[in-house]
Amino acid sequence: MAPQIDYFLDDDDIKDANNAGSFLFDAPSDAVVRGKKSDPNDEKYKATWIQSLEITEAKMYEDAAKDKDGNEYGAICIEVSFQVPSGAVRAKSGETDPNAGRNHRAWYRLVGEARKNPKHPKYKANNFNTRRVLGILRSIWGTAVIPHGTNPNLGDFFGDSPAPVVGKTVVAHMKQSRYKGEDRDELTDFIALEMQGS
């Protein structure tokens, strides 16, 4: 029988581990920056920029989404891993992208019963996540990928192994902000293929 190891983690241990595991992006020289990232007390720090990323992994699986009261709802989670290509350069300046080789992962939980149901607690979050997932597809293949009035099967894009989106490039708005002293990165809007470079 293996000996039992008492491995107690205090708050500092957890914070150090989280910091070591977070690969935050650096705001490039063409980013719009408000506040100072170097000041850990500046809660108004925010940077936004356009970032080109390659999808390195995508999968769909059953999951649950919680509301603010802790109630759980059955959901389908679309998990997508993005990476800035290792030789990436900034489109405007031509300089090396400071985020070349860095990764970002996003989870989009879609609650079927919240779809078209404004009274459902997850209605807004569901619409938000649906918009992001469709934005990924439009950034890769253009707005015609999902014709208006059709009901796409997202599994056709994210569910296979490998998923058809893997290896494709998206262009998105990256937002870096600070909340309660913690920095975080978020892909806010994906730019449709037809709008890229304009």
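The following dialogue examines how terms are applied to this predicted model.

Mentor: Local features here need pLDDT of at least 70 and side-chain atom pairs pLDDT 80 or more, whereas totals for chains, interfaces and linings use all residues. Residues are numbered from 1 along each chain as its sequence is written, and side-chain values use heavy atoms, with hydrogens and water left out.

Trainee: What makes up the order of elements from the N terminus on?

Mentor: The protein has 3 helices and 6 strands, in the order α-β-β-β-β-α-α-β-β. Both kinds are DSSP runs numbered from the N terminus: helices are H or I with at least four residues, strands E with at least two.

Trainee: Why is the pair R102 and D26 called a salt bridge?

Mentor: A salt bridge requires a side-chain nitrogen of Lys or Arg within 4 Å of a carboxyl oxygen of Asp or Glu. The closest N and O atoms of R102 and D26 are 3.0 Å apart, so the pair meets the definition. R102 lies in the loop between β3 and β4, and D26 in the loop between α1 (11-21) and β1 (32-34), 76 residues apart.

Trainee: Why does D26 count as partly exposed?

Mentor: Relative accessible area under 20% is buried, over 50% exposed, and in between partly exposed (1.4 Å probe, protein chains only). D26 has 31% relative accessibility, so it is partly exposed. R102, at 25%, is partly exposed as well.

Trainee: What links D30, R90 and D97?

Mentor: A network of salt bridges links them. Within it, D97 and R90 meet at 3.1 Å, N to O, and both are buried.

Trainee: What makes a set of residues a nonpolar core?

Mentor: Its members are buried Ala, Val, Leu, Ile, Met, Phe, Trp, Tyr and Cys residues joined through side-chain atoms within 4.5 Å. The largest such core has 32 residues, and those with the most contacts inside it include I55, F82 and V165. A second, separate core of 5 residues includes Y73, A75, V111 and A114.

Trainee: Which residues does V165 touch?

Mentor: Contact means heavy atoms within 4.5 Å. Not counting residues up to four places away in sequence, V165 touches I55, A58, L137, I140, W141, F157 and F158.
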